[in-house]
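Let's take a walk through a protein model together, one step at a time.

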Amino acid sequence: MDNRKVFAMKLSKIYPLLVQKAERKGRTEEEVRQVICWLTGYDEAGLTRQLEQDADYGTFFQEAPCINPNVARITGTVCGVRVEAIPDPLMRNIRYLDKLIDELAKGRPMEKILRE
C-alpha cells in the first residue's frame, strides 16, 4: 500500500480495529490506550481529542508529543517487514504501533510490551 494512503487513513477508523483485535484475544481497550499513549506521548485527553478531531494517521503521529525513546527496542516483523528497517520514520512509527498491538493480542505481558 502507498504510504500516502496509510497516512491519510482516519485514526477514528483505525482505532476501533486496533481495539477489536486486542479484545478478540481477551485484552481491553484500556490496554490499547495505554500502549498508544506509551508510544506517542499523548495523555488520555490528548488521545481522545485526536479521535474527536478525526485526525488522519499521519497527523496523529506527526503531532505526537514525544515518541517514546524506547522504540528502538521494538523489533520484529509486521506484514513480513522488519519494523526497525523501515526507512520512513513516520511509517516506522505506525508499524511500531502495529507491532505493539500484535504483541498485546498475543498475550504478551504489558511490562514486556512497554519495554520496561
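Which residues lie nearest the centre of the largest pocket? Keep in mind that this is a predicted model. The residues to look for are Ile-14, Leu-18, Tyr-57, Arg-95 and Asp-98, and they belong to a lining of 14 residues. The pocket itself has a volume of about 260 Å³. If you sort its lining by class, you get 10 nonpolar and 4 charged residues, with no polar ones. Helices H2 and H6 each supply at least two residues of that lining, and H6 gives the largest share, with 5 residues.

So how do those two helices sit together? Two packed helices are described by the angle between their axes and the distance between the axes. Find H2 at residues 11-24 and H6 at residues 89-105: their axes are 8 Å apart, and the packing angle is about 25°. Angles under 35 degrees count as roughly parallel, so H2 is roughly parallel to H6. The crossing of H2 past H6 is right-handed. Now zoom in on the contact: from H2 come Leu-18, Lys-21 and Ala-22, and they meet Leu-97, Ile-101, Asp-102, Leu-104 and Ala-105 of H6. In this contact, 6 residues are nonpolar and 2 are charged, while none is polar.

H2 has another partner to look at. Helix H3 covers residues 29-40, and its axis comes within 9 Å of the H2 axis, crossing at roughly 120°. H2 and H3 are therefore oblique to each other. Here too, H2 passes its partner H3 in a right-handed crossing. On the H2 side, the contact uses Tyr-15, Leu-18, Val-19, Ala-22 and Glu-23, and on the H3 side Glu-29, Val-32, Arg-33 and Ile-36. Its classes are 6 nonpolar, 3 charged and no polar residues.

From H3, carry on to helix H4, at residues 44-52. The axes of H3 and H4 come within 10 Å and cross at roughly 100°, which makes H3 roughly perpendicular to H4. Arg-33, Ile-36 and Cys-37 of H3 meet Glu-44, Leu-47, Thr-48 and Leu-51 of H4. This contact divides into 4 nonpolar, 2 charged and 1 polar residue.

Key
Residues are numbered from 1 along each chain as its sequence is written. This is a predicted model: local features need pLDDT of at least 70, side-chain atom pairs count only at pLDDT 80 or more; totals for chains, interfaces and linings use all residues. Side-chain values use heavy atoms; hydrogens and water are left out. Axes are lines fitted to C-alpha atoms, for helices over the stretch in contact, and angles run from 0 to 180 degrees between N-to-C directions. Helices (H or I, at least four residues) and strands (E, at least two) are DSSP runs, numbered from the N terminus. Angles under 35 degrees count as roughly parallel, over 145 as roughly antiparallel, 65 to 115 as roughly perpendicular and the rest as oblique. A crossing is left-handed if the near helix is turned anticlockwise from the far one by less than a right angle, and right-handed if clockwise. Contact means heavy atoms within 4.5 Å. Ala, Val, Leu, Ile, Met, Phe, Trp, Tyr, Cys and Pro count as nonpolar, Asp, Glu, Lys and Arg as charged, and the others, Gly among them, as polar. On a 1 Å grid over the protein atoms alone, a cavity is a set of points where a 1.4 Å probe fits but cannot get out, and a pocket is an open set with protein on both sides within 12 Å along at least five of seven lines; lining residues have an atom within 4 Å of a point. Grid points are joined across faces, edges and corners, and a volume is the space filled by probe spheres set on the points.
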